[in-house]
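Please consult the sequence and the structure shown here alongside the text.

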Amino acid sequence: MSYLNELYQEVILDHNKRPRNFGELEQANRHADGYNPLCGDRVTVFLKVQADVVEDIRFKGVGCAISTASASLMTEALKGKTIAEVVAVFARFHSVVTGRSTDTSDLGKLAVFQGVSEYPVRVKCATLAWHTLQAALDGKADTVSTEQATD
Ligand code: ZN
């Protein structure tokens, strides 16, 4: 992960080692599975959505450090947010990790993934949990593959 600065590496390694909000969510009313065939990352995102608010969010899965840390930081960032806020954060995160924007000022800890923008394979790792989250919100039943996503 030499493409990430040291502080960013530290955050990612910490979240990979001790993922937050990890495990199934019994009260979930939305969930979806995601798969990134380029790296082999798998993730399931569970949501409890009540009156347009993400009351709880958890995930489980097996993958590389980037995919696990991304899912972990995503759950931390989105708990308690409204659906509209979630969509806005995803759009901001997506534009930063794909290199369309370099402004990370409103992303908080999610900014640690900015360094992946020059590595298309790693972009898929970083966005897998988010695409899966979107599928869960859209109520899609099939497994989302990053190969079907544009990036
Ligand atoms: Zn990966």
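Contact means heavy atoms within 4.5 Å, and helices (H or I, at least four residues) and strands (E, at least two) are DSSP runs numbered from the N terminus. The model is predicted: local features need pLDDT of at least 70, side-chain atom pairs count only at pLDDT 80 or more, and totals for chains, interfaces and linings use all residues. Residues are numbered from 1 along each chain as its sequence is written, and side-chain values use heavy atoms, with hydrogens and water left out.

**Helix 3 and helix 4**

- Helix 3 (residues 83-97) packs against helix 4 at about 160°, with the axes 11 Å apart; axes are lines fitted to C-alpha atoms, for helices over the stretch in contact, and angles run from 0 to 180 degrees between N-to-C directions.
- Helix 3 is therefore roughly antiparallel to helix 4 (angles over 145 degrees count as roughly antiparallel, under 35 as roughly parallel, 65 to 115 as roughly perpendicular and the rest as oblique).
- Ile83, Val86, Val89, Phe90, Phe93, His94 and Val97 of helix 3 meet Val123, Ala126, Thr127, Trp130, His131, Leu133, Gln134 and Leu137 of helix 4.
- By class, this contact of helix 3 with helix 4 comprises eleven nonpolar, four polar and no charged residues (Ala, Val, Leu, Ile, Met, Phe, Trp, Tyr, Cys and Pro count as nonpolar, Asp, Glu, Lys and Arg as charged, and the others, Gly among them, as polar).

**Helix 2 and helix 4**

- The axes of helix 2 (residues 65-78) and helix 4 (residues 120-138) come within 8 Å and cross at roughly 40°, so the two helices are oblique to each other.
- On helix 2 the contact involves Ile66, Ser67, Ser70, Ala71, Met74 and Leu78, and on helix 4 Arg122, Cys125, Ala126, Ala129, Trp130 and Leu133.
- The residues of this contact divide into nine nonpolar, two polar and one charged.

**Zinc site**

- Cys39 (SG), Asp41 (OD), Asp41 (OD), Cys64 (SG) and Cys125 (SG) coordinate the zinc ion at 2.2 to 2.6 Å; donors are N, O and S atoms within 2.8 Å of the metal (3.2 Å for Na, K and Ca), and water is not among the atoms, so sites may look incomplete.
- Along the chain, the donor spacing is C-x1-D-x22-C-x60-C.
- Asp41 is buried at 1% relative accessible area, whereas Cys39 is partly exposed at 29% (buried means under 20%, exposed over 50%, partly exposed in between, with a 1.4 Å probe and protein chains only).

- Asn36 is located in strand 1 (residues 30-36) and is buried, at 0% relative accessibility.
- Beyond four places in sequence, Asn36 touches Asp41, Val121, Lys124, Cys125, Leu128 and Thr146.
- Arg20 occupies the loop between helix 1 (6-17) and strand 1.
- The C-alpha atoms of Arg20 and Ala69 are 8.8 Å apart, with 49 residues separating them along the chain.
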